Amino acid sequence: MVDFDFTEEQLMIKEAARDFAENELAGGAAERDEKEQFPFEQVKKMAELGFMGMMVPQEHGGAGLDTVSYVLALEEISKADASAGVIMSVNNSLVCWGLEKFGSPAQKDKYLKPLASGKQLGAFLLSEPEAGSDAVNQRTTAARDGEFYVLNGTKNFITNGANADVLLVMATTDRTKGPRGVSAFIVEKKFPGVSVSKKEHKLGIRSSDTAQITFQDCRVPKENLIKEEGFGFKFAMMTLDGGRIGIASQAIGIARASLDASLKYVKERKAFEKFLHEFQAIQFKLADMHTNIEAAHLLTLNAALKKDKGERFTKEAAMAKLFASRVAVDSALEAIQIHGGYGYLKDFPVERYLRDAKITEIYEGTSEIQRIVIAREVLELK
Ligand code: CAA
């Protein structure tokens, strides 16, 4: 196993994220969840702390940190508020990363700087009504017309969709070519022809915004094409590799919150004249939760470290997300069980943890998709 002696800088970032999360996020998380309120003020402060473009070099408006620091910070943010976690994860992993890696100097100047510094918010538009797990099946079209591409189609389940300023949009420029006919575009939300056609109401992560976005004859300047025609599917897949590290970190944050709430409760609550923590049935649950969380954390750090070393990390990120998301759901379920009837009430936070945890098994590739990705690599099919 790799050596995870964190640097002083990494530990400082973790500390700063924890302070912010405990002092500025945790208190209002339940109310924002209840009211489906986007955490505008909190995201602004996260941007001031450098959390919205953590891995982007400073010259492009980011904090210039590594993926390990990002994992540590995102766990802390998500532990307090998983909605803030996904807002941060999407902006960092799905938007800034791809622009930094593949954007032209002009694209970086115009779009990456405001996104990485958190002055603007980004979204990643791959999923469609008929293209979820089967992401190749893109129906949104981008037809070249002189100096422009004209976009038509609908994108679904878009995190940050309603509030984003900049959209990274996958669309097909040549459907006969399948994945090699998909291209990626930078689209400003204010371009004519872009509309938020639906705001979704969700089971969990309710204070993050999820929207359907429609493009109707939206003219996008040709210089907003990322790299070249046909690069969009690979771009999306590579981007999602990094995204899955982010969602694994979010899941671990939720799992840690579930464990912490349980540890507090079992030391306060008595049954049969004993504290709950004195029962071996409860101790075993806590031991399993702790062990699984540590394992998920190590898998995620392993993927992050590989990414930081510039090595291929597709399988490692998929394993981290697959395992961490299951741990998040299991930990939240156990936390509710430990709390008994109280766990089922809104008076305690654990019911929110379960609602928030479930999505980590679905977005950025379902657990079934992660298994496909892992199996292909194990079988050396890719
Ligand atoms: N890195 C680089 N290239 C990759 C890649 C990767 N990780 N994965 C695939 N590719 C390339 C392949 O090499 C192939 O390239 P060639 O044409 O040059 O050979 C091309 O992409 C097509 O790949 P596949 O043949 O593997 O395509 P497939 O149809 O079998 O699908 C899949 C692969 C893994 C199932 C993919 O469709 C997938 O990941 N689906 C899930 C999509 C997903 O995660 N959606 C999440 C939406 S975003 C979201 O949730 C964000 C949010 O708001 C929180």
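Helix 4 and helix 5 cross with a left-handed geometry (left-handed if the near helix is turned anticlockwise from the far one by less than a right angle, right-handed if clockwise). The model is predicted: local features need pLDDT of at least 70, side-chain atom pairs count only at pLDDT 80 or more, and totals for chains, interfaces and linings use all residues. Residues are numbered from 1 along each chain as its sequence is written, and side-chain values use heavy atoms, with hydrogens and water left out. Helices (H or I, at least four residues) and strands (E, at least two) are DSSP runs numbered from the N terminus.

**Helix 4 with helix 5**

- The axes of helix 4 (residues 82-102) and helix 5 (residues 105-116) come within 10 Å and cross at roughly 155 degrees; axes are lines fitted to C-alpha atoms, for helices over the stretch in contact, and angles run from 0 to 180 degrees between N-to-C directions.
- This angle makes helix 4 roughly antiparallel to helix 5 (under 35 degrees counts as roughly parallel, over 145 as roughly antiparallel, 65 to 115 as roughly perpendicular and the rest as oblique).
- On the helix 4 side, the contact (heavy atoms within 4.5 Å) is made by Asn91, Val95, Cys96, Leu99, Glu100 and Phe102; on the helix 5 side, by Gln107, Lys108, Tyr111, Leu112, Leu115 and Ala116.
- The residues of the contact of helix 4 with helix 5 are 8 nonpolar, 2 polar and 2 charged (Ala, Val, Leu, Ile, Met, Phe, Trp, Tyr, Cys and Pro count as nonpolar, Asp, Glu, Lys and Arg as charged, and the others, Gly among them, as polar).

**Helix 4 with helix 6**

- Helix 4 also packs with helix 6, at an angle of about 155 degrees and with the axes 9 Å apart.
- That makes helix 4 roughly antiparallel to helix 6, and the crossing of these two helices is right-handed.
- The contact of helix 4 with helix 6 has 10 nonpolar and 8 polar residues, and no charged residues.

**Helix 8 with helix 9**

- Helix 8 (residues 314-339) and helix 9 have axes that come within 8 Å and cross at roughly 160 degrees.
- The two helices are therefore roughly antiparallel to each other, and the crossing of helix 8 and helix 9 is left-handed.
- Helix 8 contributes Ala328, Val329, Ala332, Leu333, Ala335, Ile336 and His339 to the contact, and helix 9 contributes Val350, Glu351, Tyr353, Leu354, Ala357 and Lys358.
- By class, the residues of the contact of helix 8 with helix 9 are 10 nonpolar, 1 polar and 2 charged.

**Ligand surroundings**

- Of the 27 residues around the ligand (one heavy atom within 4 Å), Ser133, Thr159, Arg180, Arg244 and Arg376 come nearest.
- Polar side-chain atoms lie 2.7 Å from an oxygen atom of the ligand in the case of threonine 159 and 2.9 Å from one in the case of arginine 244.
- A polar backbone atom of glycine 365 is 3.0 Å from an oxygen atom of the ligand.

- Most residues other than glycine have a negative phi.
- Lysine 227, not a glycine, has a positive phi of about 60 degrees; lysine 227 sits in the loop between strand 7 (210-221) and helix 6 (232-268).
- Glutamate 364, not a glycine, has a positive phi of about 55 degrees; glutamate 364 sits in the loop between helix 9 (350-358) and helix 10 (367-378).
- Arginine 256 lies in helix 6 and, leaving aside neighbours within four places in sequence, is in contact with Glu75, Lys79, Ile293, Glu294 and His297.

Key. Polar contact = N/O pair within 3.5 Å; in protein donor to acceptor, adjacent residues only side chain to side chain.
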